[in-house]
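Please walk through this protein model with the structure open beside the text.

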Amino acid sequence: MAYKERHNKFTDAWLRFVIWREHHIKEKNFVVLLSLVVGIICGCAAQLLKFLIHTIANGLTSHFSTTNANWLYLLYPVLGIMITVLFVKYVVKNNISHGVTKVLYAISRRKSRLKKHNMYASLVASSITIGFGGSVGAEGPIVFTGAAIGSNVGQAFRLSPKVLMILVGCGAAAGIAGIFRAPIAGMLFTLEVLMIDLTGLTVMPLLLSSIAGATVAYVLEGYNAEFFFAQSEPFLTNRIPWTIALGVVCGLMSFYFTKVMFMMESLFKKINRQWLRIIVGGAIIAVLVVLFPPLYGEGYGAINDLLDGNVGAVLNGTFFYVDRDNVWFLVLFIAAITLMKAFATSATNGAGGVGGTFAPSLFVGALTGFLFAYVINNLDLGIELSQKNFTLMGMAGVMSGVMHAPLMAIFLTAEMTGGYDLFLPLLIVSALAYFTIQCFTPYSIYTMRLAKAGDLMTHQKDKAVLTLLKLDNVIETDFKEVHPEMSLREMVDVISVSNRNLFPVTDSEGMLKGIVLLDDIRNIMFRTDLYPKMHVSRFMAAVPATIDMHMPMDKVMDIFDKTNAWNLPVVDNGRYIGFISKSKIFNSYRRVLRHFTED
């Protein structure tokens, strides 16, 4: 009872504070203040996630042999996935996979509202998955965590959906900035991937939260870059043709990575039993990791080895350690790792692990860039390419293609390695990779699921507003239903109590059969001699088209444009629900557009 009283007192005090804030602090200034708070919290969350991952991974693998294969690789990833599944099932009790996609869905369909448990669930689950060797990244979970922190802080102060969207973006930006010490990349991630517009209202909060998240990382970790890179070989202009070729290769690799991920995701969806998914996915990831240890966890150690010129280190702890000086065996081994990473990542997530595709795209990009330069250098073509420079360029290229975020890829690669002197080649590779994958698919690995369902919000104002509109909110249900067997007299009685000139015709089970327009029967509705003779089935008309209850709004508008109709019936599996009018859509459209575009 005492606890309940204290809780009620706290709730009352908090409500008084929220009301006081609404009357004394302007919302625009308050959002700037909250963005700073969100940035600091998310920066700390990012550091906690990194600490947990490294602590678990080091505790499990620090004693592993370098010169021999380690059979515990068969056990650790499966054990991590099992613990994660139990945590999600019995503690979280909600699906937390595909974090970035869920953030995008919350922005477009849930008024930027994320549940409270998302502030910690992904952080805990992903640290277990990755620490035990799941071949996924921590960046997707920290984006989900940061976005949830921003959303719940905003909800606590009863802020509008428009402001919640900004705070969701602030949390995501701070998460990326905090985990990579890359404030510009964090901000660009929000703009390019989450597709939040850069306006006078959003620019300062996003910038402050990114800086705050990165500052926390600098204070706790120091000023060293995430990946050690010292440019000892300057980029020469005669390398530009090879840079262009690498851009195209990265684009193709991005498309391969994306296709494999969705193919494997579809396969795992067909497995209905959770324990069977764990067995199948666990077996795949366990075998891949024991054969290719660089696939363990995020794989950042292999990237650092390649940037440091220590190529043979990728064979440490494998069955093939004795072949570390064989050039072409190294080529085959690294190529196999590059191609298998997508299978390892999708198997980890498909089995029930929690992690993102951010780090895997960096890993694949680094190996693609290195392999490109390594092969060219060993073909005796009379040119020597800098392997570590091309490793860096590959990271930007594949990340740009997989995420459809070329600017973020450029700045993230530069910020987390200190490779600003390679800005021109990074720009070339990133842009060409993005252009190449655009030839195959217009959507990123994050947005494809939402685009298929019509739930994707984009920078295009028209499509964004239509995505924010909900069909439920524009359906009108005050139309009087009539039935095919009703007489003209009964029809006239219905007309007399209706304020509409349109009447849906339904059968006894509520299935839509047609419509009756008042104008079509005006010439006979006063002929009493026809009252018993004429029935609705004789003068009802077919509908020009129907709107499915679950249809996205952009498709609804396409149907209106094709039929030139002003009113169309809405059905759910053929059952009549109501009508939707073009005029009501336009009114709602103007209201939403005005609400979400004003600064």
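Start at aspartate 529, which is partly exposed, with a relative accessible area of 40%. The model is a predicted one. Aspartate 529 forms a salt bridge with arginine 527, and the closest N and O atoms lie 3.3 Å apart. Arginine 527 counts as partly exposed too, because its relative accessibility is 42%.

Other charged pairs can be examined in turn. Arginine 522 forms a salt bridge with aspartate 519, with 2.6 Å between the closest N and O atoms. Arginine 522 has 43% relative accessibility, so it counts as partly exposed. Aspartate 519 has a relative accessible area of 56% and is exposed; the cut-off for that class is over 50%.

Move to helix H20, residues 488–496. Here aspartate 493 forms a salt bridge with arginine 489, the closest N and O atoms being 3.6 Å apart. Why are the two separated by about one helical turn? They are four residues apart in H20, so about one turn lies between them. An α-helix has 3.6 residues a turn, so residues three or four places apart point the same way. Aspartate 493 is partly exposed at 39% relative accessibility. Arginine 489 is partly exposed at 45%.

How many salt bridges does a search of the whole structure find? It finds ten. A network of salt bridges links Lys50, Arg181 and Glu221.

Arg181 leads to the next stop. Arginine 181 follows helix H7 and has a positive phi, near 55°. H7 itself covers residues 161–180, 20 residues in all. From first C-alpha to last it reaches 29 Å, close to the 28 Å expected at 1.5 Å a residue. Of its 20 residues, 19 are buried, so H7 is largely enclosed by the rest of the structure.

Helix H15, residues 387–403, holds serine 400. Is serine 400 buried or exposed? Its relative accessibility is 0%, so serine 400 counts as buried. Leaving aside residues up to four places away in sequence, serine 400 touches Ala405, Pro406, Ala409, Ser430 and Tyr434.

Leucine 74 sits in the loop between helix H2 (27–61) and helix H3 (76–92). With 36% relative accessibility, leucine 74 counts as partly exposed.

The strands come next. Strand S4 (residues 547–548) and strand S5 (residues 567–572) run parallel and are joined by two bridges. Across this pairing, aspartate 548 stands opposite valine 571 in S5. S5 also pairs with strand S6 (residues 575–581). These two run antiparallel, with six bridges between them. Leucine 568 stands opposite isoleucine 580 in S6. S5 and S6 form a hairpin with two residues between the strands. In that hairpin, asparagine 573 takes a positive phi near 55°.

Finally, step back to the whole chain. It has 24 helices and six strands. Its C-alpha trace spans about 100 × 60 × 50 Å along the principal axes. Of the 599 residues, 55% are buried. Among contacts between residues at least 6 apart in sequence, 75% join residues at least 24 apart. The chain exposes about 26,000 Å², and carbon and sulfur atoms supply 60% of that area.

Technical notes: Residues are numbered from 1 along each chain as its sequence is written. This is a predicted model: local features need pLDDT of at least 70, side-chain atom pairs count only at pLDDT 80 or more; totals for chains, interfaces and linings use all residues. Side-chain values use heavy atoms; hydrogens and water are left out. Buried means under 20% relative accessible area, exposed over 50%, partly exposed in between (1.4 Å probe, protein chains only). Contact means heavy atoms within 4.5 Å. The expected span of a helix is 1.5 Å times one less than its number of residues. Accessible areas come from the Shrake-Rupley method with a 1.4 Å probe; for residues, only the protein chains shown count as cover. Two strands pair if DSSP finds at least two bridges between them. A salt bridge is a side-chain nitrogen of Lys or Arg within 4 Å of a carboxyl oxygen of Asp or Glu.
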